[in-house]
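Please look over the sequence and the structure below before reading on. The report that follows takes up a few parts of the chain in turn.

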Amino acid sequence: MDERQFLERPTKQAMLEFPAFSGLPQNRIHLVESAQEASFAREQLRRCTHVGFDTESKPTFMVGETSTGPHLVQLATPEHGFLFMARHLTGNESGRELLAEIMQSSRIIKVGFGLKSDRGPVQRLLGVELHATVELSGAVKRLGYRQQVGLQAAVAIVLGEYLPKSRKVTLSNWAAESLSAAQQSYAANDAYASLRVYQALANTAPQLLILAP
């Protein structure tokens, strides 16, 4: 029998007691919809060795319904969040090429939560494989938790901050023609929070971080 003592993940009530997550302001969140915006994103992303990564898909509610996502791909640097809407990539070859480049890059490491489930959708969207990733749920679990730890709990555990997770925004239409300010902030800060968790662990417990090629 396993006699190890495991840590308990913080409850929702306990997390509410933490100070609010210090996320990216709206003026640091960029929708990459044009060649000019892609050029700025390329300049910023290529400076990084690690970026926060996440995706969003329009939720499915019917039994047997298949997701057509991802409808949004998010990348975050220490200063900026970049949002790539799938519906805009067809007419934005610069954005598509940049996103494919980052996904395939072995030099720029993508850090996030639940990355295994992103591999197939990224392949469908861009025709490339996702390389060089660090799965943070396992890294935080290795601090001494019995179960995998999601982003919200990881922010509380590692950063001592509370990351709000609005169900209304989580289940909103990520395939919409345009994204609301709330959607943009939620999406960008999910990727940014992942990067912040990675940076903190890299400073305090780098042995927990496992790079997947």
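## Terms and model

A residue is called buried when its relative accessible area is under 20%, exposed when that area is over 50%, and partly exposed in between. The structure shown is a predicted model, and the descriptions below should be read with that in mind.

Strand E4 covers residues 81-85, and because five of its five residues are buried, the strand is largely enclosed by the rest of the structure. In a regular strand the side chains alternate between the two faces of the sheet. Both faces of E4 are covered, with Gly81, Leu83 and Met85 buried on one side and Phe82 and Phe84 buried on the other.

E4 pairs with strand E1, residues 29-31, in the parallel sense through three bridges, and within this pairing histidine 30 has phenylalanine 82 of E4 as its bridge partner. E4 also runs antiparallel to strand E3, residues 72-76, to which five bridges join it; here the bridge partner of valine 73 is phenylalanine 84. With four residues between them, E3 and E4 form a hairpin.

In soluble globular proteins, nonpolar side chains tend to be buried together. The largest nonpolar core of this model holds 41 residues, and those with the most contacts inside it are Leu136, Val155 and Val197. At least two residues of this core come from each of E1, E3, E4, strand E5 (109-112), helix H6 (136-141), helix H7 (151-159) and helix H9 (181-204), and the largest share, 11 residues, is supplied by H9.

Valine 197 touches Phe113, Leu136, Val140, Ala154, Val155, Val158 and Leu159, when its neighbours within four places in sequence are left aside. There is also a second, separate core of 25 residues, which includes Leu45, Val51, Val73 and Leu99.

Side chains of opposite charge can pair when their charged atoms come close. How many salt bridges does a search of the whole structure find? The search finds five. One of them joins the side chains of arginine 46 and glutamate 101, with an N to O distance of 2.9 Å. This pair links distant parts of the chain, 55 residues apart, since arginine 46 lies in the loop between helix H2 (35-45) and E2, while glutamate 101 lies in helix H4, residues 93-104. Arginine 46 has a relative accessible area of 43% and so counts as partly exposed, and glutamate 101, with a relative accessible area of 28%, is partly exposed as well.

A salt bridge also forms between arginine 196 and glutamate 161, whose closest N and O atoms are 3.6 Å apart. Arginine 196 belongs to helix H9 and glutamate 161 to the loop between H7 and helix H8 (167-170), 35 residues apart in the chain; both residues are buried. In a further salt bridge, the closest N and O atoms of lysine 165 and aspartate 190 are 2.7 Å apart. Lysine 165 sits in the loop between H7 and H8 and aspartate 190 in helix H9, 25 residues apart. Lysine 165 counts as partly exposed because its relative accessibility is 29%, whereas aspartate 190 counts as buried because its relative accessibility is 4%.

Aspartate 54 lies in strand E2, residues 50-56. Aspartate 54 is buried yet has no salt bridge, for the nearest side chain of opposite charge, lysine 165, is 5.7 Å away, and a salt bridge requires a side-chain nitrogen of Lys or Arg within 4 Å of a carboxyl oxygen of Asp or Glu. Beyond residues up to four places away in sequence, aspartate 54 touches Leu72, Val73, Gln74, Asp190 and Ala191.

The 12 residues of H4 should span 16 Å at 1.5 Å a residue, which agrees with the 16 Å between its end C-alpha atoms. The buried residues of this helix are Gly95, Leu98, Leu99, Ala100, Ile102 and Met103.

Alanine 175 lies in the loop between H8 and H9 and, having a relative accessible area of 21%, is partly exposed. Alanine 175 and proline 70 are 105 residues apart in sequence but 8.7 Å apart in space, C-alpha to C-alpha. Not counting residues up to four places away in sequence, alanine 175 touches Lys58, His71 and Arg87.

Technical notes:
Residues are numbered from 1 along each chain as its sequence is written. This is a predicted model: local features need pLDDT of at least 70, side-chain atom pairs count only at pLDDT 80 or more; totals for chains, interfaces and linings use all residues. Side-chain values use heavy atoms; hydrogens and water are left out. Buried means under 20% relative accessible area, exposed over 50%, partly exposed in between (1.4 Å probe, protein chains only). Two strands pair if DSSP finds at least two bridges between them. Lys and Arg count as positive and Asp and Glu as negative; His and the chain ends are not counted. Contact means heavy atoms within 4.5 Å. A nonpolar core is a set of buried Ala, Val, Leu, Ile, Met, Phe, Trp, Tyr and Cys residues joined through side-chain atoms within 4.5 Å. The expected span of a helix is 1.5 Å times one less than its number of residues.
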